[in-house]
Amino acid sequence: MIAHGGAKPPPVAGVVAFDDGDTLDVPVRLEVVHPPSLSQIEPLTPQILYFGHGAPSTASARDLVAEARTRP
């Protein structure tokens, strides 16, 4: 099955841009936040943060910012 492409994810049909403050039409009603810097993420208190890269996180925004600031 793998040899015939069974492990390949289907291609993305299209890309949709979202503006800051938009609410996504999904069951949990996600709100789009485009922070230009880490300092605008710190005061947020979401249950889960989804990034444009990496896995979602349930850590506090303050903890995630502190961790990011330790990276080179």
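This report walks through a predicted model of a single chain, from its overall form down to a few residues.

**The whole chain**

The chain holds one helix and zero strands. Its C-alpha trace spans about 45 × 30 × 20 Å along the principal axes. The radius of gyration of the chain is 16 Å, whereas a compact globule of 72 residues would have one near 11 Å.

How much of the chain counts as buried? Of its 72 residues, 11% do. The chain exposes about 6,300 Å², and carbon and sulfur atoms supply 58% of that area. Now take the contacts in the chain with a separation of 6 or more: residues 24 or more positions apart account for 13% of them.

Next, some individual residues. The table sets out how accessible each of them is.

| Residue | Relative accessible area | Class |
|---|---|---|
| D19 | 54% | exposed |
| R29 | 48% | partly exposed |
| E31 | 56% | exposed |
| S57 | 15% | buried |
| T70 | 64% | exposed |

Why does R29 count as partly exposed? Its relative accessibility is 48%, and the partly exposed class lies between the buried limit of under 20% and the exposed limit of over 50%. S57 has a relative accessible area of 15%, so it is buried, as the cut-off for that class is under 20%.

D19 is found in the segment before helix 1. Which residues does D19 touch, once those up to four places away in sequence are set aside? They are V32 and H34. With V32, D19 forms a pair 13 residues apart in sequence, and their C-alpha atoms are 6.9 Å apart in space.

E31 also has its place in the segment before helix 1. Leaving aside neighbours within four places in sequence, E31 is in contact with G21, D22 and T23. E31 and F18 are 13 residues apart in sequence, with 9.8 Å from C-alpha to C-alpha.

R29 belongs to the segment before helix 1 as well. There is a backbone detail to look for here: R29 is not a glycine, and yet it has a positive phi of about 55 degrees.

Where is S57 found? It sits in the segment before helix 1, and that helix covers residues 61-70.

**T70, in the helix**

T70 is found in helix 1. A polar atom of the T70 side chain lies 2.6 Å from the backbone oxygen of E67. Is T70 buried or exposed? With a relative accessible area of 64%, T70 is exposed. Finally, T70 and G52 are 18 residues apart along the chain, and their C-alpha atoms are separated by 20 Å.

How values were computed. Residues are numbered from 1 along each chain as its sequence is written. This is a predicted model: local features need pLDDT of at least 70, side-chain atom pairs count only at pLDDT 80 or more; totals for chains, interfaces and linings use all residues. Side-chain values use heavy atoms; hydrogens and water are left out. Helices (H or I, at least four residues) and strands (E, at least two) are DSSP runs, numbered from the N terminus. Buried means under 20% relative accessible area, exposed over 50%, partly exposed in between (1.4 Å probe, protein chains only). The radius of gyration is taken over C-alpha atoms; the globule rule is 2.2 Å times the number of residues to the power 0.38. Contact means heavy atoms within 4.5 Å. Accessible areas come from the Shrake-Rupley method with a 1.4 Å probe; for residues, only the protein chains shown count as cover. A polar contact is a pair of N or O atoms within 3.5 Å; within protein, one must be able to donate a hydrogen and the other to accept it, and residues adjacent in sequence count only if both atoms are side-chain atoms.
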